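Biologist: I would like to learn how to read an interface between two chains. Please take one feature at a time.

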Amino acid sequence: MKQMLLALRELKQVLAQVAFSQAVLEGLIILLSSFIICVLINLPIYFGFIPGSLYFVHLANKKFKGIKLSKVEEEFPDLKEQLTTAADNLYRKNDIVAGLHEDVLRLMKSIKTSHFIKFKTMWRQLVAIAALCFALILFTSLNMQFVDYKEIAKEIQEFGQDRARPDIFEFQQAGVGNESDIFGNESLAELGLEELQVQINPIFSEINLQDIKEAKEQEFEEGAFPADIEAKITAQEGGENIPKEHKEIVKKYFSGLAAEQ
Amino acid sequence: MASIDNIKKTFDYISRELDKVIIGQDEMLRHLMVGILCDANILLESYPGLAKTLAVKTLAQLLDLKFSRIQNTPDLMPADVTGTYIIEEGGGKRGFVFQPGPIFANIVLADEINRATPKTQSALLEAMQEKQVTVGNKTFELDRPFFVLATQNPIEQEGTYPLPEAQSDRFLLKVKITYPSEEDEIKIVNQYAEDVPVPELKPVIKKASILHLQKLTRQVPISNDLKKYVVDLVTKTRKKKDLITYGASPRASIGMVLAAKARALMDGRKYVSKEDIHTMAYPILRHRLILSFEAERKNMDVDDVIKSLM
């Protein structure tokens, strides 16, 4: 009975190891897929751990619950119905049960771990993992994005809101008149209202942020710098001939901007 | 202890010896052996002339067991079955001495049990259940192993007292005997209509070995899944109201597991297989189900209904 107990324990351990490995491989595929999705929608990459880990836990639980001796009997027809019967009657003591345990132990010697591993499936999973790793590195290096999650979130937030924006025409209607010559192109004023998105690509940048050195003390030779240029130019010499009334308008305009702020 | 292989060889030898005398009734003979191993009783349903008496008599010979036959008739009294007290005179003294009836044997063939009155049937059934007989105020234990083979004729039901369901439930198996095939019937004719001596059979095993085999039968292990399968099957008979009016009791579950174990032992296996359950389900459940009108309307017999449950 003791030998049978040890053999069954070992068999269950092997089955558990195989189930765990299968769960790890499948979990990795989901994890890498989640990372890729996070990269493509500009989400922080650590969000990918959530679906990956949840799926791994669920799959591991399912596989461990699915560890049954009947599955071993399906792989080994010689053991059909004998293994389950021997396991269910482990603690019974009689000659027939002892004989059954002996027979099952003899047949179990032919069981190898490789019988439970589906090599074709495992091979496909490994290829999938390699492909996903490659895709992840590629998408990250190219800074590829299909959708910006933050933009969508922002637009959803702003949806339906009435946002007051400073209108250049309001100042014009205040009695200034159409002075586009003075103020320049409208689009220049509008530029100040947009948020500027700047991203530094770490791979294609020439700057190496890791290269930090101490500042070197250098002595500069005389004449390295150009001589100071002193310029004294009056408004008349500069060719500017701005009438006094226009100066007042400009002054008013900037005062108005300052007051608004 | 005899190994399982030796047990299988013994049963194979018994089968071969039986085949010398009984032709074309292998299934019946196997069921008889199952009944003996389970220490239970069997109900045989067959037309006359199908070697029921010969089979049981031959089996008793091979197993070295005492055989007796009770021909049930409407005027048969319980005392005719169990025995009675008679006055005996000896040494100048008279006294009551118990004269045991035909039930005091190891294998009892109760022919046409449905022809006996309910009172006589109950005397036999009490002996079957309790393995003892009460006459007057004294109880007599029956010799072990004790095995009753009761027969019923499916035709000529006039003037009979069919066994109530509660009583037929006490039989482990209900075996249906069919007519032999043409080839087998020719062999029967050749053996019994010609000047061919009937082979004399010698006992194969002793009474004590049979008792030991009965004990071994209960030791054959069965998996929990199969036990659950048996219980589910019997439970289904109670739930399938469209085809079955009254289903089987837990006695059927016990019987099915025991019968499957006996079959496994006879086949030389140390475990019960699903095939054993499927094979024994029919004789176990046949007499325990009362079919509904819907089943009759669909032209389904008991075996068809049992098949649909599996």
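Modeller: Start with the salt bridge: a side-chain nitrogen of Lys or Arg within 4 Å of a carboxyl oxygen of Asp or Glu. Keep in mind that this is a predicted model.

Biologist: How many salt bridges does the rule find across the interface of chain B and chain A?

Modeller: The rule finds one. It joins D103(A) to K270(B), with the closest N and O atoms 2.6 Å apart. Polar contacts between chain B and chain A come to seven residue pairs.

Biologist: Which elements give two or more residues to the side of chain B that touches chain A?

Modeller: They are α8 (207-219), α9 (224-239) and α10 (250-266) of chain B. The most comes from α8(B), with three residues. By class, that side of chain B has nine nonpolar, four polar and five charged residues.

Biologist: How is the size of an interface often given?

Modeller: Often as the accessible area lost when the parts come together. Here chain B and chain A bury about 1300 Å² between them, and 60% of that lies on carbon and sulfur atoms. In residues, 18 of chain B are in contact with 15 of chain A.

Biologist: What radius of gyration does chain B have, and what would a compact globule have?

Modeller: A compact globule with 310 residues would have a radius near 19 Å; chain B has 20 Å, which agrees. Its C-alpha atoms fill a box of roughly 70 × 45 × 40 Å along the principal axes.

Biologist: What share of the residues in chain B is buried?

Modeller: Buried residues make up 50% of the 310. The secondary structure of chain B comes to 13 helices and 11 strands.

Note on methods:
Residues are numbered from 1 along each chain as its sequence is written. Chains are lettered from A and ligands numbered from 1 in the order in which they are written. This is a predicted model: local features need pLDDT of at least 70, side-chain atom pairs count only at pLDDT 80 or more; totals for chains, interfaces and linings use all residues. Side-chain values use heavy atoms; hydrogens and water are left out. Contact means heavy atoms within 4.5 Å. Buried area is the accessible area (1.4 Å probe) that two parts lose on being put together, summed over both. A polar contact is a pair of N or O atoms within 3.5 Å; within protein, one must be able to donate a hydrogen and the other to accept it, and residues adjacent in sequence count only if both atoms are side-chain atoms. Helices (H or I, at least four residues) and strands (E, at least two) are DSSP runs, numbered from the N terminus. Ala, Val, Leu, Ile, Met, Phe, Trp, Tyr, Cys and Pro count as nonpolar, Asp, Glu, Lys and Arg as charged, and the others, Gly among them, as polar. The radius of gyration is taken over C-alpha atoms; the globule rule is 2.2 Å times the number of residues to the power 0.38. Buried means under 20% relative accessible area, exposed over 50%, partly exposed in between (1.4 Å probe, protein chains only).
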